[in-house]
Amino acid sequence: MSHIVTVQDTVTAFEPWMEPTDAELDAIDAEMPVIRAEMELLDAQIVVIDRTLCELDERRIRRARRRVLAAHRAHLNGRSGQTGGAA
């Protein structure tokens, strides 16, 4: 009978030196509005994967696309936080 032996580095995936830096965490925080907008668009697209689009679905996807574009624009312009009233 052979024994299965694991390598400690493989099992312990996150060592203290592998944690994200403060700068990386700040970059993620700055990009969160973009991430949220993209998740909203993805949710809208998932809902209609297996059915025919109705007018309400089209509006929801169109609004979500606008929010993604507005979030990207705000992120690239250096503004942080939520984007204004993108309809």
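Before I go on, a word on what we're looking at. This is a predicted model, where local features need pLDDT of at least 70 and side-chain atom pairs count only at pLDDT 80 or more, while totals for chains, interfaces and linings use all residues. Residues are numbered from 1 along each chain as its sequence is written, and side-chain values use heavy atoms, with hydrogens and water left out.

Okay, the overall layout. Helices here are DSSP runs of H or I with at least four residues, strands are runs of E with at least two, and both are numbered from the N terminus. Of the 87 residues in the chain, 15% count as buried. The chain exposes about 7,300 Å², and carbon and sulfur atoms supply 57% of that; the areas come from the Shrake-Rupley method with a 1.4 Å probe, and for residues only the protein chains shown count as cover.

What about contacts, meaning heavy atoms within 4.5 Å? Taking those between residues at least 6 apart in sequence, 51% join residues at least 24 apart.

Back to L42, then. L42 sits in helix α2, and together with I46 and I49 it makes a nonpolar surface patch of about 310 Å². To be in a patch, a residue needs over 30% relative accessible area and no salt bridge; nonpolar side chains (Val, Leu, Ile, Met, Phe, Trp, Tyr) are joined within 5 Å, and like charges within 9 Å.

Now the charged side chains. How many salt bridges are there? The count comes to three, where a salt bridge is a side-chain nitrogen of Lys or Arg within 4 Å of a carboxyl oxygen of Asp or Glu.

One of them pairs R67 with E40, at 2.5 Å from N to O. R67 lies in helix α3 (residues 55–76) and E40 in helix α2 (residues 22–47), so this pair ties together parts that are 27 residues apart in sequence. Both ends are partly exposed: R67 has a relative accessible area of 28%, and E40 is at 33%.

Another is E55 with R59, again with N and O as close as 2.5 Å. These two are four residues apart in helix α3, so about one helical turn separates them. E55 counts as exposed at 53%, whereas R59 is partly exposed at 32%.

And then there's D57, which is in helix α3. Which residue does D57 bridge to? Its partner is R51, with the closest N and O atoms 2.8 Å apart. D57 is buried, at 8% relative accessibility, while R51 is partly exposed at 43%. The D57 and R51 side chains also make a polar contact of 2.8 Å. That term means a pair of N or O atoms within 3.5 Å; within protein, one must be able to donate a hydrogen and the other to accept it, and residues adjacent in sequence count only if both atoms are side-chain atoms. Leaving aside neighbours within four places in sequence, D57 touches V48, R51 and T52.

That's my tour; happy to go back to any residue on the screen.

Notes: Buried means under 20% relative accessible area, exposed over 50%, partly exposed in between (1.4 Å probe, protein chains only). Contact means heavy atoms within 4.5 Å.
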